[in-house]
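Try each task before reading its solution.

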Amino acid sequence: MVETQHVNGSIEMVVNGYVTEPAVLPGIGEDTVVLIAGGSGAIGSHCAAALSKMGARVAITGRSPDRVNACVPSVSYRGEVMGLVADVSNSGQVDSAVQSVADAWGRIDGLVNLAAIGDSGRHLQDVEDSEIAAVLNTNLVGAMYLARACSRVMKQRSKGSIVNVSSIGGHRVTPHRITYGPAKAGLEHLSRQLAVDLGGYGIRVNTMSPGQTPSNLRRFNEPPGQPPISSDVDDNPTPTKRIPLSRRGNFEDYVGAVLFLISDLASYVTGVNIWVDGGASVVR
Ligand SMILES: NC(=O)c1ccc[n+]([C@@H]2O[C@H](COP(=O)([O-])OP(=O)(O)OC[C@H]3O[C@@H](n4cnc5c(N)ncnc54)[C@H](OP(=O)(O)O)[C@@H]3O)[C@@H](O)[C@H]2O)c1
């Protein structure tokens with residue numbers, strides 16, 4: 001639900017969704033440049049829209065040109081939005097995309113990495129090499145390529161924020177999630193590793209872990225570019241009765257934590273994971 005509130009008689013902001021205008025989060029404004037890998041997806045497009053509403057310039061990426069091109073106008077508000085096609089499992093494509101952003105806008109302040117695919121759910125003996133390669137190269141190795149390329153640009157200003165998006169599946173074990181869960185667990189540790197290694201350059205690295213949300217994450221063997229949202233509730237392993245807030249997340253629910261971690265409100269926050277899961281992760 002979105003509400004409008006008058007602050008000091010004249011300033012409007014959305015209080016139950018995300019901030020619209022003015023750009024009230026320190027460190028996010030018209031100069032800000034944020035690259036959102038997987039920005040053409042469900043959660044990523046909500047993050048892109050929020051940042052554009054705050055005036056930031058946003059580059060969104062994905063593998064499907066159709067999905068990227070369709071997304072750009074739908075998330076463009078105040079800040080300019082650029083669409084780039086790049087596969088995060090290909091370091092050359094990642095380097096090119098990051099260079100395109102730096103060439104166009106001269107800086108990168110934030111990287112939000114949501115690019116990911118799902119696994120097969122098969123038993124260990126049935127997991128094929130192609131699945132192992134695809135899921136790990138997208139969900140974990142891609143994060144290394146992105147961080148390496150973006151931190152080169154961020155170092156030039158001795159400042160930056162990287163947010164890797166993990167999953168409750170990287171912490172809690174659902175049977176036969178052989179590739180997805182371990183890749184997400186690795187992603188969270190990568191954030192901690194990079195927080196240590198990049199802190200001296202003024203670059204913060206954190207993780208945001210969403211809970212269960214009805215969505216349409218592409219599986220490793222499905223082509224990109226499918227519709228981003230479905231309500232596959234029956235396939236959802238976390239029943240709402242096991243979620244303290246008694247509901248699954250909406251895509252908007254994840255935006256606030258990402259904005260916080262990108263902003264200067266989090267200027268002393270690095271190496272942490274923020275759960276955004278309605279409390280599901282603390283239930284036994
Ligand atoms: N929704 C949930 O229930 C949930 C729960 C926990 C965690 N998460 C995490 O949240 C993130 C976003 O999920 P979502 O629900 O928004 O899914 P989504 O709509 O499928 O978004 C995934 C995005 O990643 C892109 N992508 C996939 N593989 C890529 C690759 N190799 N290179 C570049 N881009 C790639 C997709 O575009 P293309 O397909 O066109 O490449 C899309 O833009 C993911 O990291 C997911 O693991 C989601």
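Helices here are DSSP runs of H or I with at least four residues, numbered from the N terminus. Keep in mind that this is a predicted model.

**Exercise 1.** How many of the twelve residues of H1 are buried?

*Solution.* The cut-off for a buried residue is 20 or more other C-beta atoms within 10 Å of its own. Go along the helix with that in hand, and twelve of twelve pass. The buried set includes His46, Cys47 and Lys53.

**Exercise 2.** Which residues touch the most other members of the largest nonpolar core?

*Solution.* This core has 73 residues, and the ones to pick are Leu35, Ile36, Leu146, Cys150 and Val258. Helix H4 (residues 129–155) is the top contributor, giving eleven residues. Next, take Val258: leaving out residues up to four places away in sequence, Val258 touches Cys47, Val112, Val163 and Met208. Cys47 is also one of the buried residues of H1.

**Exercise 3.** Where is the pLDDT below 50?

*Solution.* Begin with the overall picture: the mean pLDDT is 90, and 87% of residues reach 70 or more. Residues 1–13 fall below 50, with 18 contacts beyond near neighbours in sequence. Residues 228–234 also stay under 50, with eleven contacts beyond four places in sequence.

Note on methods:
Residues numbered from 1 in each chain as written. Predicted model: local features only at pLDDT ≥ 70, side-chain atom pairs only at ≥ 80, totals over all residues. Core = buried A, V, L, I, M, F, W, Y, C linked by C-beta atoms within 7 Å. Helix = DSSP H or I, 4+ residues; strand = E, 2+ residues; numbered from the N terminus. Contact = placed C-beta atoms within 7 Å. pLDDT = per-residue confidence, 0-100.
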